[in-house]
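Q: I would like to go through this structure with you, one topic at a time. Could we begin with the strand pairing?

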Protein chains: 2
Amino acid sequence: MIPPNAFAPLSHGGDLDAARKLFPGAPEPFLDLSTAINPHPYPIPDVWPEDFARLPDAESLKRLTGNAATAYAAPSEDNVVPAPGSQILMTLIAGLVPPGRAAILGPTYAEHARVAALAGHEVTTAPELAPLGEANLAIVVNPNNPDGRVFGKGELLRIAEKQRDRGGLLVVDEAFMDAGPRGESLSLHVEDANVIVLRSFGKFFGLAGIRLSFALAATELAARLRASLGPWPVSGPALAIGKAALWDWDWIDAARLSLGRAAVRLERLLQDAGLESVGHTELFHLVRSPEAPQIFERLGRAGIFVRRFEEDPQLLRFGLPGEEAAWQRLEAALRT
Amino acid sequence: MIPPNAFAPLSHGGDLDAARKLFPGAPEPFLDLSTAINPHPYPIPDVWPEDFARLPDAESLKRLTGNAATAYAAPSEDNVVPAPGSQILMTLIAGLVPPGRAAILGPTYAEHARVAALAGHEVTTAPELAPLGEANLAIVVNPNNPDGRVFGKGELLRIAEKQRDRGGLLVVDEAFMDAGPRGESLSLHVEDANVIVLRSFGKFFGLAGIRLSFALAATELAARLRASLGPWPVSGPALAIGKAALWDWDWIDAARLSLGRAAVRLERLLQDAGLESVGHTELFHLVRSPEAPQIFERLGRAGIFVRRFEEDPQLLRFGLPGEEAAWQRLEAALRT
C-alpha cells in the first residue's frame, strides 16, 4: 500500500511565487535565501542553437560522463550515470530493491522518504546510523541537509556491508559534498561497496535550472539505470555546460574557497544578530531560535525569503547571499 | 528474467559521430537527414541566465502544463505530465503494469520493446492491431515510425477496452501527430479510455535537444507519474521555450502547412530519383529499394546521412532538408 501522501507535492525552498503570496507588499526583487545554491553560477559557456535543436549526441554524453568520473573521483566512467536531476534517479534507485523496509537518516531532505514510499517501501526515519543496517534500503544525505552533519566513510561502509547481507542497498546523497569534506565521499567505493552515490551538479555550480545530476554505482547497476533513462538522458544545453564546468579545475578550486569564506561570513552575520548556527554546510547555515517565526516574517516583509520547516518551527535555514548589496540587505533586515 | 539486450544501447538516427566514422572523407558539414525532426526550429525565445540558475518554479510549470493541455487537446491540465523526454515516461509507464505480456504494433521505434523488456514484460511484436488486445501492455506508435501507418481512433479505443478487462493499458505514442492527422489523436479520451498518450515537443518544434515531452493520462495515473518525476521534472530553458511555443498558434499552424509542403516536395524529389515512398509522415519518407545499401553509401560519401535499418537493409528513411541549399545537395547526390 502506497500512502496517499507519497503523491502530494512537498514544499521546498526556492518557491518565490509562494513568497510573493505570503508577503505581497515586500520590496522587489526578492532576495531568495531559501535554497542552498551557489549564488555565483559557473559562467555559462557558449550554448549554440544546435544544442537546443539536435538530439544530444552520444560522443558528447561520453565526454560529460568521463569528465564527471574524474571530477567526482569515480573508479571509471562505467560507474557514472548522467540524469536530468537527482529526483528521477531516486525514483529509479528505490525501484531497484524489492519493496521492503526503507530507513532514512533524518530529519533530512523530505523527497527521499516520499519517493521510497512511492516505490512501495515501508519508511522509517532514524536520527542515528545504526538502525539503517536493519533495513532493505538505507538512505543517508552526507553532509546532511539541513543540519550539516557529516558521516565518516568507515561508518557508512559498515552500513553498506550490513545491507549486502540482506540483499539491500545503501544510497548516499552527496548533494552538498562538492564544497564539503570530499575525503568522506564514497565515490571511489561504488564498484565494490554495495553503495550508490548521488551527486548534484546544480547546487555547487549554481545552475539548478539545467537539471543535471549523476548516480555513481557498480558497473551492473549503472548499466541498469542508464538503460532506464534511455539514449538522451540529459538536454543539449546541460551537456554543453556540464562537460565544460566539470573539467574547469581552476573554477572548481576557486569556488570551494570562496564558498567556504562566504559561509564563515554568513555565520558571523547571523551571530551578530544574536542567531547561533546549529548546523551548516558551505552552502547554508541552520539556526534555531524561539523567535524563528517572527524573524521569518520580518525578513519576508523586507523581501528576503529564507527556509522554514513545518515540522520544527524554531528552525530557519539561510542560503548564501551573492552580491555585496544582498549581504547588506540581509544584515540590515536582521538588525531591525 | 530481463533479456540482456534490454541493457544494450540501440542505434538511432542523429548520430553524426557514427556518420563521420563511416564516411571519413565526406564533405562537412554533414547534412543530417537521419532524424525526423523539423529542420526549421521554433525561434528560441529569450532564455535568461535565471532560467539556468534557479530551480524551475512551480508557477511556470503550471503554465507549461496548461498550455500543453490546450495545444494537445487534453481534457484538463490534471491529465498532463511534463517530462524531460518520452524515454523516461516509457520506463515509468512500463512499470505501471505488473510484469506480463507486452505487445507492440511493429516494426516501430525500437526503444518501446527494449523498455518493456527492461520492466520485466515478455515482449512480442505484431504487424496488426488485433493481437494487441490479448496482452497486458499494448503499445502503438500513431502515426507509426518508420512506415507512417495511421490507426483510427475507433479501432484503438476498442483495444483499450480489451486492455481494461484484463487490467492492462494501451499506450499510444503520438510523437508524429502534431503535423499529422490530429483528428485521430486519443488525447481527449485519456480520462476514461484506459489509454496513455505520449506527445513529443522536440520533433514538431525542431528542438529535440531541450528534452521535453508529455504524458496524457487519467488524473490518477497522471498523479502517479508526476510523483515519480518529482517537483522539477523539466529544465528552466525547456520550461521557458515550451510554454511560449505551445501557446504560439500562428507558428503552429504555419509549421503544419510548411511541413506538409516540404513532405510533398521530398516525395517528388525521391520519385525523380527513381525511389518510391512506401510510407511517410510530414517529417519523413520511407523508401524501399534493392539498391538501398548502395544509395546509403553514395549519400554518405557526399556528406548526407540518412537512416538505414539493420533488420531490413532495403529500407531507407529520409528526413526533411531545411535550407534550399540542402534540398539541392540532396537532389544532386541522388542524381549521380
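Q: Which residue stands opposite Val287(A) in S13(A)?
A: In this predicted model, Val287(A) has Leu316(A) opposite it in S13(A).

Q: In which sense do strand S10 and strand S13 of chain A pair, parallel or antiparallel?
A: The pairing of S10 (residues 284-288) with S13 (residues 315-319) in chain A is antiparallel, and it extends over 5 bridges.

Q: What is the order of the strands in that open sheet of chain A?
A: The order is S9-S10-S13-S12, an open sheet of 4 strands in chain A with antiparallel pairing. Strand S9 (277-281) and strand S12 (307-308) of chain A are at the edges; each has a single partner strand, so one side of each lacks a neighbour in the sheet.

Q: And what holds paired strands together in general?
A: Strands of a sheet pair through backbone hydrogen bonds, in either a parallel or an antiparallel arrangement.

Q: Which helix lies across S9, S10 and S13 of chain A?
A: That is helix H10 (residues 249-272) of chain A, which runs at about 20° to S10(A).

Q: Turning to chain B, how many strands form the open sheet there?
A: The open sheet of chain B has 4 strands, in the order S9-S10-S13-S12, and the pairing is antiparallel. Its edges are strand S9 (277-281) and strand S12 (307-308) of chain B; each has a single partner strand, so one side of each is left without a neighbour in the sheet.

Q: Over how many bridges do S10 and S13 of chain B pair?
A: Strand S10 (residues 284-288) and strand S13 (residues 315-319) of chain B pair over 5 bridges, in the antiparallel sense. Within this pairing, Leu286(B) has Arg317(B) in S13(B) as its bridge partner.

Q: Which helix lies across S12 and S13 of chain B?
A: Helix H10 of chain B, residues 292-301, takes that position and runs at about 40° to S13(B).

Q: Next, the interface. How many residues of chain A are in contact with chain B?
A: Chain A has 53 residues in contact with 53 residues of chain B. The two chains bury about 3900 Å² between them, and 61% of this is on carbon and sulfur atoms.

Q: What about salt bridges and polar contact across the interface of chain A and chain B?
A: The rule finds 4 salt bridges across the interface of chain A and chain B. Asp32(B) forms a salt bridge with Arg54(A), with 2.9 Å between the closest N and O atoms.

Q: Which elements give two or more residues to the side of chain A that touches chain B?
A: Among them are helix H1 (16-22), helix H3 (58-71), helix H8 (219-229) and helix H9 (236-245) of chain A. The largest share comes from H8(A), with 5 residues. By class, this side of chain A has 29 nonpolar, 12 polar and 12 charged residues.

Q: Now the backbone. Is the peptide bond from Asn142(A) to Pro143(A) cis or trans?
A: This bond is cis, with omega near -5°. Pro143(A) lies in the loop between strand S5 (137-141) and helix H6 (153-165) of chain A.

Q: What is omega for the peptide bond from Asn142(B) to Pro143(B)?
A: The bond from Asn142(B) to Pro143(B) is cis, with omega near -10°. Pro143(B) lies in the loop between strand S5 (137-141) and helix H6 (153-165) of chain B.

Q: Finally, what is the phi of Ala73(B)?
A: Ala73(B) has a positive phi of about 55°, although it is not a glycine. Ala73(B) is located in the loop between helix H3 (58-71) and strand S2 (80-83) of chain B.

Definitions and conventions:
Residues are numbered from 1 along each chain as its sequence is written. Chains are lettered from A and ligands numbered from 1 in the order in which they are written. This is a predicted model: local features need pLDDT of at least 70, side-chain atom pairs count only at pLDDT 80 or more; totals for chains, interfaces and linings use all residues. Side-chain values use heavy atoms; hydrogens and water are left out. Contact means heavy atoms within 4.5 Å. Buried area is the accessible area (1.4 Å probe) that two parts lose on being put together, summed over both. A salt bridge is a side-chain nitrogen of Lys or Arg within 4 Å of a carboxyl oxygen of Asp or Glu. Ala, Val, Leu, Ile, Met, Phe, Trp, Tyr, Cys and Pro count as nonpolar, Asp, Glu, Lys and Arg as charged, and the others, Gly among them, as polar. Two strands pair if DSSP finds at least two bridges between them. Axes are lines fitted to C-alpha atoms, for helices over the stretch in contact, and angles run from 0 to 180 degrees between N-to-C directions.
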